[in-house]
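User: Hi! Could you walk me through this one with me? I'd like to go through it piece by piece.

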Amino acid sequence: QVQLVESGGGLVQAGGSLRLSCAASGRSFSSYFMGWFRQAPGKEREFVAAINWGGGSTYYLDSVKGRFTISRDNAKNTVYLQMNSLEPEDTAVYYCAAGYGVKREYEYDYWGQGTQVTVSS
C-alpha cells in the first residue's frame, strides 16, 4: 500500500512558475513509476508527466514539453513537478500517481487527493 500527498498548488499569473511535490509513504517507493495527471473543469483527466524507477527516463504530454520537468528523490520518497511558463490552459487539479506504466490511468494503482493549480491571464 502506498499513500500519496500532493502539495504546492496555488494561484499564479500566466508566465509564472510553481513546483508541485508528492510525498509517498508506504513500501517500495523506488519500485514504482511515478506520474502526474491533471483534470480541468468539464474535462477528462489527462496524463501530464511520468518518471521511471531510477529517474533516468521521463515522459511528457506534448503541450508541456520544455515547460514542465518531473523529477524524483527516492531517498525522500518524493516526486516533483516543476512547472514554468504557466498558461491559463494549465489550470486544473493535479494528481500524483504510483504504478507500473507510463501514460494510462489504469497503469497506476495509487493516487493522491489532488492539488489545485490556477493560472490567471
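Predicted model: local features only at pLDDT ≥ 70, side-chain atom pairs only at ≥ 80, totals over all residues.

User: Good to know. In what order do the four strands of the open sheet run?

Analyst: The order is β1-β3-β8-β7, and the pairing is antiparallel. At the edges sit β1 (2–7) and β7 (68–73), each of which pairs on one side only. On average, neighbouring strands of this sheet are turned by 15 degrees against each other, direction ignored.

User: How many bridges hold β1 and β3 together?

Analyst: Six bridges, in the antiparallel sense. Within that pairing, Val5 stands opposite Ala23 in β3.

User: And over how many bridges do β7 and β8 pair?

Analyst: β7 and β8 (residues 78–83) pair over six bridges, again in the antiparallel sense. Arg72 has Val79 in β8 as its bridge partner.

User: Nice. Switching topic: how many disulfides does the structure hold?

Analyst: There is one disulfide. Cys22 is joined to Cys96, with an S to S distance of 2.1 Å. The link of Cys22 and Cys96 is left-handed, with -75 degrees about the S-S bond.

User: Which strands are Cys22 and Cys96 in?

Analyst: Cys22 belongs to strand β3 (residues 18–26) and Cys96 to strand β9 (residues 92–99), so the pair ties together parts that are 74 residues apart in sequence.

User: Is Cys22 buried or exposed? And Cys96, buried or exposed?

Analyst: Cys22 is buried, since its relative accessible area is 0%. Cys96 also counts as buried, with 0% relative accessibility.

User: On to the core, then. Which residues of the largest nonpolar core touch the most other members?

Analyst: That core has 30 residues, and those touching the most other members are Leu4, Met34, Trp36, Leu81, Met83 and Tyr94. The elements giving two or more residues to this core are β1, β3, β4 (33–39), β5 (46–51), β7, β8, β9 and β11 (115–120). Apart from it lies another core, of five residues, among them Phe47, Ala50, Ala97 and Tyr108.

User: Let's zoom in on Met83. What is Met83 in contact with, leaving aside its neighbours within four places in sequence?

Analyst: The contacts of Met83 are Gly16, Ser17, Leu18, Leu20, Arg67, Phe68, Tyr94 and Val117.

User: What about Ser85, where is that?

Analyst: Ser85 is placed in the loop between β8 and β9. Its phi is near 50 degrees too, again a positive value in a residue other than glycine. Ser85 is partly exposed, with 40% relative accessible area.

User: Last topic: how many aromatic pairs are there?

Analyst: The count comes to eight aromatic pairs. One of the pairs is Tyr32 with Tyr100, which is tilted, with 5.2 Å centre to centre and 45 degrees between the planes. Tyr32 is in the loop between β3 and β4 and Tyr100 in the loop between β9 and β10 (108–111), 68 residues apart. Tyr32 counts as buried at 8% relative accessibility, while Tyr100 counts as exposed at 51%.

User: And why is the pair of Phe33 and Trp53 edge-to-face?

Analyst: Their ring centres are 4.8 Å apart and their planes are at 85 degrees, so the pair is edge-to-face; planes over 60 degrees apart count that way. Phe33 lies in strand β4 and Trp53 in the loop between β5 and β6 (58–60), so this pair ties together parts that are 20 residues apart in sequence. Phe33 counts as buried at 7% relative accessibility, and Trp53 is partly exposed with a relative accessible area of 42%.

User: Which residues form the aromatic cluster?

Analyst: Phe37, Phe47, Tyr108 and Trp111 form one aromatic cluster.

User: Thanks, that covers my list!

Technical notes: Residues numbered from 1 in each chain as written. Heavy atoms only, no water. Pairing = 2+ DSSP bridges. Axes fitted to C-alpha atoms, helices over the stretch in contact; angles between N-to-C directions. Disulfide = S-S within 2.5 Å. Buried < 20%, exposed > 50% of the residue type's maximum accessible area, 1.4 Å probe, protein only. Core = buried A, V, L, I, M, F, W, Y, C linked by side-chain atoms within 4.5 Å. Contact = heavy atoms within 4.5 Å. Phe/Tyr/Trp six-rings, centres within 6.5 Å; stacked < 30°, edge-to-face > 60°.
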